[in-house]
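Please keep the structure open while reading.

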Amino acid sequence: CYNFKKEIIDNDLIGKSKNFGLPTYWRGLEMASTQSPILFQYYTSKKMYDMATQLLGTKDIYIFNDQIVVKLPKEDFQFDVHTDNQFGPNNQLALEGGFKTITCCLVLDDFTPENGPISILNKKTRDWDIPLPKKSSLIVWDGNTPHRSNKNDSEHERSVWLCVYSTHDLTKMPTNPLTDEFLKFYGEKFII
């Protein structure tokens, strides 16, 4: 994951066009498994299928996106409060229960208070929970769950790999607003 981030930064790719996922590069990398057979193998593994089907409550699920987020030391790279579905094809339909997504966040470096950990809005208390998992932990949240992260103020990188699964083929959803930017994402039924 670090090598993908290094390639984006070293080659000054941010804002330049690409032919997978979103139209241009940014500080992360969506659809990462299109660039790595090893990531695709894990993203579509039986272990991930078993977990995702249990959490989504159905055996009929779809792969949609997997994303690398590496925060370099002292990098001014943060995420304001958002839900994952708000960046998907139809946030309103997701909020109405028309489909469900989950994000499985594989923690690749220990989270610390300084390295830009993920904060998740607790729906019961309305407080921001800041889990500090260790490397190789997994955090899972619903696509409608508000979350955020600060910049990395530490001397070490903080990396995660995010795997998104859905109850429906999101590439065939009516988009809101109408756009075709999701056509370069996965829309494959996840079958083991």
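**Thr34 and its loop**

Thr34 sits in the loop that connects β1 (29-30) and α2. The model is a predicted one.

- Thr34 has a relative accessible area of 35%. Because this value lies between the 20% limit for buried and the 50% limit for exposed, Thr34 counts as partly exposed.
- A polar atom of the Thr34 side chain is 2.6 Å from the backbone oxygen of Met31.
- When neighbours within four places in sequence are left aside, Thr34 is in contact with Phe20 and Tyr186.
- Thr34 and Tyr165 are 131 residues apart along the chain, and their C-alpha atoms are separated by 16 Å.

**Nonpolar cores**

- The largest nonpolar core has 35 residues, and Trp161 and Tyr165 touch the most other members.
- At least two residues of this core come from each of α2, α3, β2, β4 and β9.
- A second, separate core consists of twelve residues, among them Val69, Phe77, Ile118 and Trp141.
- Not counting residues up to four places away in sequence, Tyr165 touches Tyr43, Met48, Ala52, Leu56, Ile61, Tyr62, Ile63, Lys100, Thr101, Ile102, Cys104 and Phe190.

**Helix α3**

- Helix α3 spans residues 46-56, and its buried residues are Met48, Tyr49, Met51, Ala52, Thr53 and Leu56.
- An α-helix has 3.6 residues a turn, so residues three or four places apart point the same way.
- The cover over the buried residues of α3 includes α2 (37-43), β2, β4, β7 (138-142), β9 and β10 (189-190).

**Largest pocket**

- The volume of the largest pocket is about 760 Å³.
- Its lining is made up of 39 residues, of which Trp26, Gln67, His82, Asp84 and Phe87 are the closest to the pocket centre.
- Two or more lining residues come from each of β2 (61-71), β3 (79-82), β4 (101-107), β8 (147-149) and β9 (158-166).
- Sorted by class, the lining of the largest pocket holds 19 nonpolar, 13 polar and seven charged residues.

Key
Residues numbered from 1 in each chain as written. Predicted model: local features only at pLDDT ≥ 70, side-chain atom pairs only at ≥ 80, totals over all residues. Heavy atoms only, no water. 1 Å grid on protein atoms, 1.4 Å probe; cavity = no way out; pocket = protein on both sides within 12 Å on 5 of 7 lines; lining within 4 Å. Points joined across faces, edges and corners; volume = space filled by probe spheres on them. Helix = DSSP H or I, 4+ residues; strand = E, 2+ residues; numbered from the N terminus. Nonpolar A, V, L, I, M, F, W, Y, C, P; charged D, E, K, R; others polar. Buried < 20%, exposed > 50% of the residue type's maximum accessible area, 1.4 Å probe, protein only. Contact = heavy atoms within 4.5 Å. Polar contact = N/O pair within 3.5 Å; in protein donor to acceptor, adjacent residues only side chain to side chain. Core = buried A, V, L, I, M, F, W, Y, C linked by side-chain atoms within 4.5 Å.
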